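Dear colleague,

Please find below the structure that I am handing over to you. My notes on what was found in it follow directly after.

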Amino acid sequence: MSQVYVEELLKRRGVGIESIAEIVFHLQHGYYPDLTLEECAESVRAVLQKREVQYTLYTGIALDELAEQRLLPQPLQAMMEADEPLFGVDETLALGITSVYGMIGLTSFGYVDKDKTGIMKHLNNKEQGIHVFLDDLVAGLAAAASARIAHRNEGARQYPTPLS
């Protein structure tokens, strides 16, 4: 599997790198006013290079597609069709992506999951297909890319180290 393949899977499901970059920009622009959408897209692609992220995305997308084809066993099929609020497996899978850049990814994920910024609003529309996993995976990917930007920022405050 490769980053290019996962990008194609996302695109097939209606999610472009640019739409994820817009969420990243929304999360980080207030902290880094000079941030560009291009930098955000670069950060999304960098997160997509991680194999564990690729595997997670592939798994979630496959489950959504199988649910759309009505190929999952019951009661899982019914839970996916209803987007059962207590299911939680979708968030659990996405948290694996958020953790690649630490706690800031987790807090950003929670914000994006509730805020439904940009493409997230579209993915949450139940009439557009089954995106039980995809909406959370996109939130996780955006959160990780956002955290990556925060960790790499050269303008981060430096604190004095204690003397020996």
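A salt bridge, as the term is used here, is a side-chain nitrogen of Lys or Arg within 4 Å of a carboxyl oxygen of Asp or Glu. The model is a predicted one, in which local features need pLDDT of at least 70 and side-chain atom pairs count only at pLDDT 80 or more, while totals for chains, interfaces and linings use all residues. Residues are numbered from 1 along each chain as its sequence is written, and side-chain values use heavy atoms, with hydrogens and water left out.

Salt bridges

A search of the whole structure finds 6 salt bridges; three of them are described here. Helices are numbered from the N terminus and are DSSP runs (H or I, at least four residues). For accessibility, buried means under 20% relative accessible area, exposed means over 50%, and partly exposed lies in between (1.4 Å probe, protein chains only).

Glu81 forms a salt bridge with Arg70, with 2.2 Å between the closest N and O atoms. This pair links distant parts of the chain, since Glu81 belongs to helix 5 (residues 76–82) and Arg70 to the loop between helix 4 and helix 5, 11 residues apart. Glu81 is partly exposed at 35% relative accessibility, whereas Arg70 is exposed at 54%.

Arg12 forms a salt bridge with Glu65, and here the closest N and O atoms are 2.5 Å apart. Again the pair links distant parts of the chain: Arg12 is in helix 1 and Glu65 in helix 4 (residues 51–68), 53 residues apart. Arg12 is exposed at 54% relative accessibility, but Glu65 is buried at 17%.

Glu8 forms a salt bridge with Lys11, the closest N and O atoms being separated by 3.9 Å. Both residues are in helix 1 (residues 3–12), and because they are 3 residues apart there, about one helical turn separates them. Glu8 is partly exposed, with a relative accessible area of 44%, and Lys11 is exposed, with 54%.

Not counting residues up to four places away in sequence, Arg148 touches Ser43, Ala46, Val47 and Tyr101, where contact means heavy atoms within 4.5 Å.

Arg148 also lines the largest pocket, as do other residues including Glu42, Ser43, Ile149 and Arg152. Helix 3 (37–48) and helix 9 are the elements that give two or more residues to this lining. A pocket is an open set of points on a 1 Å grid over the protein atoms alone where a 1.4 Å probe fits, with protein on both sides within 12 Å along at least five of seven lines; lining residues have an atom within 4 Å of a point. The largest pocket holds about 280 Å³ of space.

Backbone features

A cis peptide bond joins Gln74 and Pro75, with omega about 5°. Pro75 is placed in the loop between helix 4 and helix 5.

Two residues other than glycine may be noted for a positive phi. For Asp83, phi is near 50°, and this residue lies in the loop between helix 5 and helix 6 (89–98). For Lys116, phi is near 55°; Lys116 is in the loop between helix 7 (103–115) and helix 8 (119–123) and is partly exposed, with a relative accessible area of 22%.

Two buried residues

Met80 is in helix 5 and is buried at 3% relative accessibility. Beyond four places in sequence, Met80 touches several residues, among them Leu63, Leu72, Phe87 and Phe133.

Ser146 lies in helix 9 and is buried at 0% relative accessibility.

How values were computed. Grid points are joined across faces, edges and corners, and a volume is the space filled by probe spheres set on the points.
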